There are 2 protein chains.
Amino acid sequence: MDIKTLCLGVLSRGDATGYEIKKAFEEGPFGHIHVASFGAIYPALAALSEAGMVQGTEMAQEKRPDKKVFSITERGRSAFFEALIAPPGEDKVRSDFLFILFFAHLLPASRLAALIDRRIAWYRECLQRMEACSYENGRAGEVFVHGLGLAVYQAAADYLSAHRDRLHDEVSASGRMVAE
Amino acid sequence: MDIKTLCLGVLSRGDATGYEIKKAFEEGPFGHIHVASFGAIYPALAALSEAGMVQGTEMAQEKRPDKKVFSITERGRSAFFEALIAPPGEDKVRSDFLFILFFAHLLPASRLAALIDRRIAWYRECLQRMEACSYENGRAGEVFVHGLGLAVYQAAADYLSAHRDRLHDEVSASGRMVAE
DNA sequence: CACGGCATATATCCGTTCGATATATGCAAG
DNA sequence: CTTGCATATATCGAACGGATATATGCCGTG
């Protein structure tokens, strides 16, 4: 899904600035679902505006720079719906953490343990934040995705916690063998 | 992690062609860990070769086009190790599936159910393929990542299976309300 | 039998995206 | 007082993706 569609999705839920759209893909509702950078969001909004799918309104603010609030048009809603019913592309995952873990045998055991502990802590934090987000009044799909995220992150944190010692020990042992 | 590092990682485990490196990020060991396209792999290999981090050897083949097999140099191994001990970037996830799910209320209930069932089937298939890959003789890190993948995909499939009916019913019910 | 699709291979092109940067207004902490 | 952060918009140049081109075969279908 391209950035234009992602922007339409955010705007379908309510007016937003480019900055707020970026936030939605960081700590907001889409934070673990898709990514979008400023470098792509602003040109996308400009193209969507040009195509009549969104409308931007400039506003002055006190103590803050001016902002431009975008709202979705009916044409934008149609386009968004078409994108929703198109066949989804494949999930794409880029995880430095997992890639590094794959080569655990090349790392000092202490560094490895620290890496895993940091990730466990990260998962626990995410889980806490997610649990604090009451989705009781959310739409069915939002609740569903929220629950799925909780289940997956819980499983990951649990696995990491349950197996970190064993990986550490094995890397320690083989690290010693290499040194001999 | 950039594509050059990813290529070094694959080559650190053994010589490979550009095509084989791509395969490693599809159905191979890195298939759920990172992504890399031909458009990025070939220029990366060229740059790595230029920098003396890999070495390419052209080979003729029978019944197949010629190929170029790359091997990693000592300089390449050093660079790879430096990348491994650098702080990892954040995981990046792009999931059309999850994004669409978020807007389940906008979809026909039957289409939604089909989408989820397809994803459940996909997870089950992945799990089967992963279980069939015996990692008993693999390195500790490979075994760890393999086990983590199994745990996470199992949790996802289970959650989807356990909650798909409820989502379907809720979207059906609210779809009827909209029609009235 | 012929054609299309697939697999194995390399390489490139152009559109898309990213991350850093620039600019602006304030506020808070050291 | 200076730096870093938050809120905002916008752009630039590097990195990447997906399609395409080319090549050699093989296999399945009409």
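In this predicted model, an N or O atom in the side chain of A:Ser37 lies 2.6 Å from a phosphate oxygen of DNA strand C, which falls under polar contacts, pairs of N or O atoms within 3.5 Å, where a pair within protein must join an atom able to donate a hydrogen to one able to accept it, and residues adjacent in sequence count only if both atoms are side-chain atoms. Backbone N or O atoms also approach phosphate oxygens of DNA strand C, at 3.2 Å from A:Ile3 and at 3.3 Å from B:Gly18. Local features need pLDDT of at least 70 and side-chain atom pairs count only at pLDDT 80 or more, while totals for chains, interfaces and linings use all residues. Residues are numbered from 1 along each chain as its sequence is written, chains are lettered from A and ligands numbered from 1 in the order in which they are written, and side-chain values use heavy atoms, with hydrogens and water left out.

Around DNA strand C there are 24 residues, of which A:Ser37, B:Tyr19, B:Gln61, B:Lys68 and B:Lys92 come nearest, a residue being near a strand if one of its heavy atoms lies within 4 Å of it. Of the atoms of DNA strand C that come within 4 Å of the protein, 68% belong to sugar and phosphate. At least two residues of this surface come from each of α3 of chain A and α2 (18-24), α3 (38-50), β3 (67-72) and β4 (92-94) of chain B, where helices (H or I, at least four residues) and strands (E, at least two) are DSSP runs numbered from the N terminus.

DNA strand D is surrounded by 24 residues, the closest being A:Tyr19, A:Gln61, A:Lys68, A:Lys92 and B:Ser37, and sugar and phosphate make up 68% of its atoms within 4 Å of the protein. Phosphate oxygens of DNA strand D lie 2.9 Å from a polar side-chain atom of A:Tyr42, 3.3 Å from one of A:Arg94, and 3.4 Å from a side-chain N or O atom of A:Lys23. Here α2, α3, β2 and β3 (92-94) of chain A, together with α3 of chain B, each supply at least two residues of the surface.

Which elements of chain A each supply at least two residues of the lining of the second largest pocket? They are α2 (18-24), α3 (38-50) and β2 (67-72). Of the 13 residues that line this pocket, A:Thr17, A:Tyr19, A:Asp66, A:Lys67 and A:Lys68 are the closest to its centre.

Terms used: 1 Å grid on protein atoms, 1.4 Å probe; cavity = no way out; pocket = protein on both sides within 12 Å on 5 of 7 lines; lining within 4 Å.
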